[in-house]
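User: Hi! Could you walk me through this one?
Analyst: Happy to. Here it is.

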Amino acid sequence: MRNTFIKAFALLSALVMLVSGICVAESDVASAGLTLAGRTCVFEGSTGAIGREAVLMMAEKGMNVVMVTHNPANADQIVAEADGLPGTVIAMSNSNPFEEILQTVEDQFGSVDVYINKTGGRNAPVSLDDMTEEDITTITTPLSKILTLIPFLERSEHARLVFTSNVGSLDGNSYENAMQEIAYGAINSMTYALTRELAEKGITINTIALSGMINDSEPGEGALDIADYVDTIPVGHAGTSREYGALILYLVSEEADFMTGNVLNFSGGLYVGP
């Protein structure tokens with residue numbers, strides 16, 4: 001009996017050592033992580049619930065994040081939350097000329113490495129009859145931003161552009177807002193059309209087709225509320241801000257040089273297809 005116990009104990013000890021070795025190896029791989037520290041991101045559309053988490057996750061990894069916003073109150077809260085993190089988070093008003101913003105960022109941090117645009121249109125559905133000139137500018141603005149960004153991003157060794165669309169821009173179903181989906185469809189096409197030329201300049205471009213996410217803000221009257229259709233999401237839950245942030249961390253990292261020209265379906269299965 002004593003010999004049996006000793007053999008069992010020895011076997012258990014060997015198993016523990018094997019598992020410990022695997023865990024250490026996995027930990028070593030995880031600790032290698034992504035190269036993010038010291039990179040600088042200009043982020044529009046960052047002050048809602050989804051963008052906020054991505055800002056904080058980047059700052060936790062040592063990235064500098066400049067929120068370009070029309071919502072100073074929310075931005076100030078995020079700046080306060082980021083205090084003490086390895087990266088620096090500041091806010092700038094989007095009322096300033098965009099090129100002036102970029103030059104200020106480059107002067108302060110030394111480079112502009114990443115641009116993220118998660119801005120949207122109206123929260124409530126809008127019909128063709130209700131569209132305005134301001135709505136239409138949402139189609140042309142992303143391209144004009146890229147043209148302004150190019151000289152700054154060309155000075156970065158691993159430059160990144162990350163835009164946002166939604167699944168309605170992929171399948172034509174107006175889950176959220178027809179005008180928004182028209183603009184997002186243009187962003188999808190822009191992503192494909194500019195990939196090669198931007199790659200020659202050392203810049204990657206990817207777009208996240210984002211739907212089925214938690215509410216970015218409190219839904220107003222007539223606005224879409226995730227609670228109304230969360231049961232239709234195949235994975236069984238609304239997308240979280242940390243899930244979005246994790247995708248952002250990869251796309252903006254130095255390791256994502258080969259990842260470009262994609263419209264990434266990020267909808268929990270709401271849309272399935274090419």
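Analyst: One cut-off before we start: a residue is called buried when its relative accessible area is under 20%. Keep in mind that this is a predicted model.

User: Thanks! How many residues of strand β6 are buried?
Analyst: Eight of the eight in β6 (residues 203-210), so the strand is largely enclosed by the rest of the structure.

User: And which way do the β6 side chains point?
Analyst: Ile203, Ile205, Thr207 and Ala209 point one way, while Thr204, Asn206, Ile208 and Leu210 point the other way; all are buried. In a regular strand, side chains alternate between the two faces of the sheet.

User: Which strand pairs with β6 over seven bridges?
Analyst: That's β5 (residues 159-165), in the parallel sense. Thr164 stands opposite Ile208 there, and Phe163 has Thr207 as its bridge partner. β6 also pairs with β7 (residues 262-266), again parallel, over five bridges; Asn206 is partnered by Asn262.

User: What's the strand order in the sheet?
Analyst: It is an open sheet of seven strands, β3-β2-β1-β4-β5-β6-β7, with parallel pairing. β3 and β7 are at the edges with a single partner strand each, so one side of each lacks a neighbour in the sheet. The twist averages 20° from one strand to the next.

User: Which strands does helix α7 touch?
Analyst: α7 (residues 178-200) packs on the sheet and touches β5, β6 and β7, its direction making about 160° with that of β6.

User: Switching topic: which residues make the nonpolar surface patch?
Analyst: Ile136, Ile139 and Ile182, covering about 220 Å². Ile139 sits in helix α5 (residues 133-153) and counts as partly exposed, at 31% relative accessibility.

Conventions:
Residues numbered from 1 in each chain as written. Predicted model: local features only at pLDDT ≥ 70, side-chain atom pairs only at ≥ 80, totals over all residues. Heavy atoms only, no water. Patch = residues over 30% accessible without salt bridge, like charges linked within 9 Å, V, L, I, M, F, W, Y side chains within 5 Å. Areas by Shrake-Rupley, 256 points an atom, 1.4 Å probe, with all protein chains shown as cover. Salt bridge = Lys/Arg side-chain N within 4 Å of Asp/Glu carboxyl O. Helix = DSSP H or I, 4+ residues; strand = E, 2+ residues; numbered from the N terminus. Buried < 20%, exposed > 50% of the residue type's maximum accessible area, 1.4 Å probe, protein only. Pairing = 2+ DSSP bridges. Axes fitted to C-alpha atoms, helices over the stretch in contact; angles between N-to-C directions. Contact = heavy atoms within 4.5 Å.
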